[in-house]
Amino acid sequence: TEAIGLYNLGQSCWLNSLLQVFLMNIHFTGILRRITVPPSPARRKNNVPYQMLLLLEKMQCGKCKAVAPTDLACCLAVHRVQLFVQHDAAQLFLTLWNLLKKQMKKPELVEELIDLYTICMQEHLACQECSFEMKNSSTMLTLPLPVLDASSHRLKTLKDCLQYFFRPEELTGQNMCFCQQCGRKTPFLQSMKLVHLPQTLTLHLKRFCFERSSHTYKLRHTLSFPQDLDFSEILTENQCQADDSEKASWQYELFAVVAHSGSISYGHYCAYIRSLTECKWYCFNDSEVCQVSWDDVKCTYGHSSRCW
C-alpha cells in the first residue's frame, strides 16, 4: 500500500529509477504475475522476469522503507549488463525489455508485452522527380525526440519536439537516394507516419549533442511537457497512417518521468511516478521516496534551480 524505495548498490540509480517505472505500472505487473516460473534454481537465478517478480513481491511486503535489488542486479550481470558504472537509462530500458521479451515463455504474455510498449511506424520515401515511392514498416520501443532543430535552435515544448520529429525532410545532395524508376540518384522526400501507439508510450528526449570535434555534451535548456497529451491534436492527417478508431486511443496521461542531473559522463537518476491506484505523484530517489506535487515534477523540465 506504500511506495517502497530501492537501495543504491553503487552507481545503480539508473537501474533503480527504471525498475520503479516498470513495477509501478500495474499493466506491466499484471503481465509479470502470470509468467512461467523456471523449473530449476539455476534458471530462476538467471531469469530476468522471475527476478523482477521476486523483487516486486519483496517490495510489496511493506515491512521496510526500501529493499535491495541485489539478486536482480546479479542476474543482469550474467546477461552482460555491467554494474557499478554509469548507464544511459534509455539504453537500459531497451536492454531490459529485450531480456523480458526473450525470457517470457508464454507467447500470449510476449504479445501483451509487445502491445503494452511497442510503437508502429511507416517510413515513406518519395522521389521528387517522378511518382516512385517506397514504404517501410518498423517498430520502436521509444520515440527518440530531438530537442534542437536543424539550425540548432532550442525546441521549447514537448509538442515542438513531436512536430519536428514527424516533419518531412528533403534528401538532397549527398543524401539523395537511388530511384528505380528514374534509374539514377534523385532528391527524395522522407517522412515518418504513425500507424499505432501502445498503451504505455515512452518518449525519449535526446538531451545530448555531438560535435565534429567528437566532443559530446548535455543540453540543459528548459523544455516543458504537459500532464495530458492528445496526438490527434499534434499531428496532421498526412503524418498518420491510422483509422479514426485507432486515433481515438491516442490520448495519454503522464505516468512517469525519469530525470538525470549532471553531465554526459557522470550524474544521478531520479524517477517521478504517478501512482495509478492512488493518483498521487511520488519522487523515487533510490531508497528515499516521498509524495510530491505536479509543481515539484516541473523541476525535470531542465535548467531548474529547484532541488529534487
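Visitor: Which residues does M104 touch, not counting residues up to four places away in sequence?
Guide: In this predicted model, M104 touches I31, L32, I35, P49, L109, V110 and L113, with residues up to four places away in sequence not counted.

Visitor: And which residues of the largest nonpolar core touch the most other members?
Guide: M104 is one of them, together with F22, F28, V48, M52 and Y117. This core holds 41 residues.

Visitor: Which elements give two or more residues to this core?
Guide: They are α1, α2 (26-32), α4 (48-59), α5 (70-78), α6 (89-103) and α7 (107-117).

Visitor: What other core lies apart from it?
Guide: Another core, of 39 residues, lies apart from the largest one. Its members include C161, Y252, Y272 and W281.

Visitor: Back to α6 and α7: at what angle do they pack?
Guide: The angle is about 155°, and the axes lie 10 Å apart. Angles over 145 degrees count as roughly antiparallel, so that is how α6 runs relative to α7.

Visitor: Which residues meet there, between α6 and α7?
Guide: From α6, F93, W97, L100 and K101 take part; from α7, they meet V110, L113, I114 and Y117.

Visitor: Changing topic: in what order do the four strands form the open sheet?
Guide: The order is β15-β16-β17-β18, with antiparallel pairing. The edges are taken by β15 (256-262) and β18 (288-292); each has a single partner strand, so one side of each lacks a neighbour in the sheet. On average, neighbouring strands are turned by 20° against each other, direction ignored.

Visitor: Which helix packs on the sheet?
Guide: Helix α1 (residues 13-23) does, and it touches β15, β16 and β17. The direction of α1 makes about 10° with that of β16.

Visitor: How many bridges join β16 and β17?
Guide: Four bridges join strand β16 (residues 267-274) to strand β17 (residues 281-285), in the antiparallel sense. Y272 has C283 in β17 as its bridge partner.

Visitor: And β17 with β18, over how many bridges?
Guide: Five, again in the antiparallel sense. W281 stands opposite V292 in β18. The hairpin of these strands has two residues between them, and D286 takes a positive phi there, near 55°.

Visitor: Which residues of helix α8 are buried?
Guide: In α8 (residues 158-165), the buried residues are L158, C161, L162, Y164 and F165. They fall within an arc of 165° when seen down the helix axis, so they line one face of α8.

Visitor: What covers the buried residues of α8?
Guide: The cover includes the strands β3 (119-127), β4 (133-140), β5 (143-146), β10 (203-206) and β13 (228-230).

Visitor: Where is T142, then? Buried or exposed?
Guide: T142 sits in the loop between β4 and β5. Its relative accessible area is 18%, and buried means under 20%, so T142 is buried. Leaving aside neighbours within four places in sequence, T142 is in contact with F93, I119, T202 and H204.

Visitor: What about K206: which strand does it lie in, and which residues is it in contact with?
Guide: K206 belongs to strand β10 and counts as partly exposed, at 32% relative accessibility. Apart from neighbours within four places in sequence, K206 is in contact with P144, L145, P146, V147 and L219.

Visitor: What separates K206 from A248?
Guide: Their C-alpha atoms are separated by 28 Å, while the two residues are 42 residues apart along the chain.

Note on methods:
Residues are numbered from 1 along each chain as its sequence is written. This is a predicted model: local features need pLDDT of at least 70, side-chain atom pairs count only at pLDDT 80 or more; totals for chains, interfaces and linings use all residues. Side-chain values use heavy atoms; hydrogens and water are left out. Two strands pair if DSSP finds at least two bridges between them. Axes are lines fitted to C-alpha atoms, for helices over the stretch in contact, and angles run from 0 to 180 degrees between N-to-C directions. Contact means heavy atoms within 4.5 Å. Buried means under 20% relative accessible area, exposed over 50%, partly exposed in between (1.4 Å probe, protein chains only). The arc is that of the directions from the helix axis to the C-beta atoms. A nonpolar core is a set of buried Ala, Val, Leu, Ile, Met, Phe, Trp, Tyr and Cys residues joined through side-chain atoms within 4.5 Å. Angles under 35 degrees count as roughly parallel, over 145 as roughly antiparallel, 65 to 115 as roughly perpendicular and the rest as oblique.
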